[in-house]
Amino acid sequence: MRIRPYIPGKDYEYVSKWIDDERTHAFWCANRLPYPITQQSFHNFLENNSMDRTDSAYAATENNGQIILNYSRRYNLA
């Protein structure tokens with residue numbers, strides 16, 4: 001397994017296939033994104049979190065490069 005920064009142009013394809021119903025989607029994103037998720041809404045969410053909350057998006061991958069986890073980490077700069 002490898003942890004690396006989220007790559008928008010590459011990783012969304014995998015992330016978009018994880019959720020296939022509204023209930024699971026609400027749990028996954030704490031209802032912060034509209035369902036169904038779109039590439040634009042997801043990337044806007046990540047960008048806003050990066051700017052407003054100092055979050056950084058990461059992906060955990062298998063050895064073959066397939067994403068198995070997407071998460072954000074917040075850095076306390078105070």
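## A contact at Asp 21

The side chains of Asp 21 and Thr 24 are joined by a polar contact of 2.9 Å. A polar contact is a pair of N or O atoms within 3.5 Å; within protein, one must be able to donate a hydrogen and the other to accept it, and residues adjacent in sequence count only if both atoms are side-chain atoms.

This is a predicted model: local features need pLDDT of at least 70, side-chain atom pairs count only at pLDDT 80 or more, and totals for chains, interfaces and linings use all residues. Residues are numbered from 1 along each chain as its sequence is written, and side-chain values use heavy atoms, with hydrogens and water left out.

Asp 21 sits in the loop between helix 1 and helix 2. Helices (H or I, at least four residues) and strands (E, at least two) are DSSP runs, numbered from the N terminus. Asp 21 counts as partly exposed, because its relative accessibility is 29%. The cut-offs are under 20% relative accessible area for buried, over 50% for exposed, and partly exposed in between (1.4 Å probe, protein chains only). Pro 36 is 15 residues from Asp 21 along the chain, and their C-alpha atoms are separated by 8.2 Å.

Two strands pair if DSSP finds at least two bridges between them.

Strand 2 and strand 3 run antiparallel and are joined by seven bridges. Ser 56 has Arg 73 in strand 3 as its bridge partner. Five residues lie between the strands of this hairpin, where Gly 65 takes a positive phi near 95°.

## Asp 55

Asp 55 belongs to strand 2 (residues 55-61). It stands opposite Arg 74 in strand 3. Asp 55 counts as buried because its relative accessibility is 8%. Leaving out residues up to four places away in sequence, Asp 55 touches Asn 49, Ser 50, Ser 72, Arg 73 and Arg 74. Contact means heavy atoms within 4.5 Å.

## Helix 3

Helix 3 (residues 39-53) has 15 residues. From first C-alpha to last it reaches 20 Å, close to the 21 Å expected at 1.5 Å a residue. That expected span is 1.5 Å times one less than the number of residues. Just after the helix, Thr 54 takes a positive phi of about 55°.

The buried residues of helix 3 are Ser 41, Phe 42, His 43, Phe 45, Leu 46 and Asn 49. They pack against helix 1 (8-15), helix 2 (22-29), strand 2 and strand 3 (67-74).

## Aromatic rings

The structure holds four aromatic pairs. Tyr 58 and Tyr 71 form a stacked one, at 5.6 Å centre to centre with 25° between the planes. This pair links distant parts of the chain, with Tyr 58 in strand 2 and Tyr 71 in strand 3, 13 residues apart. Rings of Phe, Tyr and Trp (its six-membered ring) pair if their centres lie within 6.5 Å; planes under 30 degrees apart count as stacked, over 60 as edge-to-face and the rest as tilted.

Tyr 58 is buried, with a relative accessible area of 19%. Tyr 71 is partly exposed, at 27%. Ring pairs also link Tyr 6, Tyr 12, Trp 28 and Phe 42 into a cluster.
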